Amino acid sequence: MDSALLVHRLHFAFTVTFHYLFPQLTMGLAPLIVWFKTMALRHSDDTYNQAARFWARIFGINFVLGVVTGIPMEFQFGTNWSHFSRFAGGVIGQTLAMEGMFAFFLESAFLGLFLYGEKKLSPRGHCWSAVAVFLGSWISGFFIIATDAWMQHPVGYTRLPDGSFQLASFWQLVLNRWAWWQYAHNMSGAVITGAFVMASIGAFYLLSKQHVEHGRIYVRTGVVAGVIFSLLQLFPTGDRQGKLIADHQPVTLAAMEALFESQPGAPLVLIGQPDMENHKIDNPIVVPKALSFLTYRRWEANVAGLDSFPPGVWPSNVPLLYYCYHIMVGLGTIFIAIMVVSAFLLWSRRLFDARWMLWILLLSLPFPYIANTAGWITAEMGRQPWLAYNLLKTADGYSKTVSAGNGWFTLLGFMGMYTVLGLLFIFLVRREIEHGPAEEVLAPHA
Amino acid sequence: METLWFIIVAVMLTAYVVLDGFDLGAGIIYLIAAKTDGERRAVLRAIGPVWDGNEVWLLAAGGTLYFAFPQLYASSFSGFYLPLMMVLWLLMLRAIGIEFRVHIANPVWRNFFDAIFFLASALLAIFFGAALGNVIRGVPLGPDGYFFEPLWTNWRIGPNPGILDWYTVLAGLVALAALTVHGALYVAVKTEGPLSARTRGIAVVVWPMLSVLTIASLAASSIVRPAVMNNYRRHPVGVLVPIVVFGSLGAMIWAASKSKEKIAFLASGVYLTGMLVGAAFALYPIVLPARIDAYSLSIYNTAAGHHGLVVGLVWWTVGLALTLAYFFFIYRMFRGKVRIEGEGY
């Protein structure tokens with residue numbers, strides 16, 4: 001691979017992967033904080049207000065990190081991917097600019113109000129500011145997904161003689177079917193992160209016998225949200241997303257499943273290592289005919305394998321795509337198991353004493369982050385070698401005037417900067433969790 | 001339609017400079033003006049609820065630029081690759097300085113975060129000024145509409161200039177002085193007692209430098225790029241720009257010395273607006289001049305398709321109305337003076 005192309009891809013991949021660690025939690029926590037504020041209003045119960053304040057502090061730290069790591073994402077469209085921006089800006093400039101106008105202002109303005117303005121606002125007004133932050137973060141998510149969805153499944157454009165793409169239909173762009181299913185799948189994934197983090201910290205408080213009342217609220221809220229959204233993640237959102245890939249990116253489906261040969265009654269590979277030299281799976285554990293059924297709802301349906309497509313259009317790294325996809329699906333299945341069992345224990349009033357289950361919830365915290373990251377790598381690696389599917393190759397999209405040397409310089413700079421940010425983040429969040437939801441003010445504090 | 005979007009992007013960038021300018025300026029004067037920990041927290045509280053909202057104007061302006069003039073966005077962002085990346089790092093460091101200082105009680109670390117906040121704010125002001133200097137001077141665009149500028153070459157204005165040369169450094173210093181005054185006056189408005197008096201004093205001391213630099217930069221611009229005078233010759237209404245710039249400079253020092261901080265702060269906002277409008281007026285319809293005139297990028301060869309621009313006008317207007325409503329509401333909520341001690345920060 002051309003070394004400038006490689007460094008520009010790594011540049012975007014590294015910064016976006018790090019960035020998305022933060023928005024997935026803020027988008028996931030936002031509805032749960034609104035829930036706490038609603039409960040506090042309805043029952044005039046100050047415990048829920050305390051809970052909302054505690055989670056708003058965690059939210060606030062994540063929000064700042066999300067903003068400062070998000071600004072480079074917008075810039076990189078121009079700095080590192082200028083050819084792509086020149087050709088596609090007439091279409092995706094719409095969604096990216098709308099994110100600025102409709103989401104960023106809303107979110108940042110009302111987060112300030114929510115964090116600093118509780119004493120100046122009525123309880124109802126404070127609750128509404130939480131709703132505004134929730135809306136802002138979810139609208140922001142939509143416009144980013146709509147942008148990515150256009151790259152996955154371009155609609156609503158015309159191509160001019162100079163090669164550039166221009167908007168032809170605004171409604172086709174924002175009502176792109178791909179965008180709405182991907183959005184549903186992604187937001188459900190974000191709520192899963194929020195739910196697991198909340199349940200995990202609640203479990204920590206219960207196991208360590210501090211802030212017990214709060215620990216129960218967090219575990220209960222986390223488990224209820226977790227069971228609903230880990231099921232929604234599989235069906236219908238994940239299922240529909242898979243169907244769209246089967247219809248519009250069949251070669252991607254074949255690579256994700258490492259299906260080398262087209263066949264009726266195709267098996268589903270659960271575990272195994274793709275052998276790219278001999279076009280087979282090593283050490284396979286498979287469910288016969290399951291892939292045909294999941295894709296087409298018929299056990300004998302023919303599924304196109306990689307051999308149906310010229311190698312030039314195969315995703316450029318089949319094993320990585322295969323592994324990320326399997327990690328995402330495998331973890332998603334485990335999440336359903338954990339949350340269904342927890343919900344059953346909660347329903348039968350045994351969860352708060354079931355130390356083994358609380359331990360599982362406590363330790364499960366990192367895994368939704370891994371699953372969401374693996375899911376995004378699946379989406380983006382699966383689109384290769386295209387930048388905009390079937391329209392523009394990744395190799396034709398990067399900034400030809402920015403040399404590999406300059407790219408490495410800033411990539412290493414970002415790595416250093418993000419290491420510092422990551423350490424500060426861990427330090428601050430750990431401090432909030434140690435301190436807990438108690439009201440006595442932390443040493444001078446925002 | 002292209003002209004309308006040129007005006008919109010210029011207005012958004014001006015809004016960014018006037019709004020984020022005062023919190024950048026607060027960072028520049030921060031170490032000199034605020035002596036005790038209580039005073040430093042007062043400065044941070046004065047900008048605390050609004051600084052990240054102000055920064056959103058940069059993002060929104062960038063997004064709008066991308067949407068309306070994709071070719072310009074692609075060309076300028078890749079050409080200004082290195083300084084833009086450094087601006088990103090500085091914005092990050094500054095956010096770290098502001099947001100994390102409050103979480104750490106140890107005075108050693110507080111001094112560290114204070115220094116970061118100051119340095120990042122000052123360097124950002126210089127970078128933004130130098131960036132505007134580059135746009136006025138022109139960049140080495142090729143026939144394909146792309147260029148790449150190293151950080152510096154020989155500090156002269158030749159066919160292959162760097163980001164920094166004597167002219168763009170001068171522009172950076174103008175920005176530094178202007179935002180210092182702007183930020184000092186903002187803090188003077190938002191605080192009381194010795195802190196307010198001291199910041200007003202800083203504005204009065206820096207003002208003569210700002211006046212000299214302003215005149216020098218205007219003279220230098222007409223030498224570096226004589227074409228900047230064309231629009232002024234063609235449209236006599238342009239004479240309003242120098243009137244506004246020098247009028248607001250005068251109003252600034254008059255009000256500051258009479259302790260009318262609010263009027264002085266408004267005057268400095270008008271001054272910044274005047275300078276930026278003057279630059280936009282001089283450039284139009286060019287958006288990125290090339291060192292070789294034929295390769296210059298104008299609003300006509302960089303704009304997105306007509307349909308997209310029309311559609312954008314609809315949602316942009318709605319978005320702006322909503323945004324102004326939030327800002328009005330938030331500034332009303334947080335109006336009034338910040339006390340030295342108290343809740344938050």
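Tutor: Happy to! A residue counts as buried if 20 or more other C-beta atoms lie within 10 Å of its own. Keep in mind that this is a predicted model.

Student: Okay, what percentage of the residues in chain B are buried?

Tutor: Of the 345 residues in chain B, 55% are buried.

Student: And how many helices and strands does chain B have?

Tutor: Chain B has 13 helices and two strands. Its radius of gyration is 20 Å, close to the 20 Å from the globule rule for 345 residues, so chain B is as compact as a globular protein of that length. Along the principal axes, its C-alpha atoms fill a box of roughly 60 × 40 × 40 Å.

Student: New topic: how many residues does each chain bring to the contact between A and B?

Tutor: Chain B brings 54 residues and chain A brings 52. On the chain B side, the elements giving two or more residues are α3 (51–68), α4 (70–79), α5 (81–101) and α13 (306–333).

Student: Which of those gives the largest share?

Tutor: That's α13(B), with 13 residues. By type, the chain B side divides into 36 nonpolar, 16 polar and two charged residues.

Student: Nice. Which residues touch the most other members of the largest nonpolar core?

Tutor: Among its 259 residues, they are Ile33(A), Trp55(A), Ala125(B), Val181(B), Leu185(B) and Ala203(B). Helix α4 (residues 82–116) of chain A gives the most to this core, 20 residues.

Student: What is Ala125(B) in contact with, leaving aside its neighbours within four places in sequence?

Tutor: Its partners are Leu24(B), Ile28(B), Ala175(B), Leu176(B) and Leu179(B).

Terms used
Residues numbered from 1 in each chain as written. Chains lettered and ligands numbered in written order. Predicted model: local features only at pLDDT ≥ 70, side-chain atom pairs only at ≥ 80, totals over all residues. Helix = DSSP H or I, 4+ residues; strand = E, 2+ residues; numbered from the N terminus. Rg over C-alpha atoms; globule rule 2.2 N^0.38 Å. Buried ≥ 20, exposed ≤ 12 C-beta atoms within 10 Å, placed from the backbone. Contact = placed C-beta atoms within 7 Å. Nonpolar A, V, L, I, M, F, W, Y, C, P; charged D, E, K, R; others polar. Core = buried A, V, L, I, M, F, W, Y, C linked by C-beta atoms within 7 Å.
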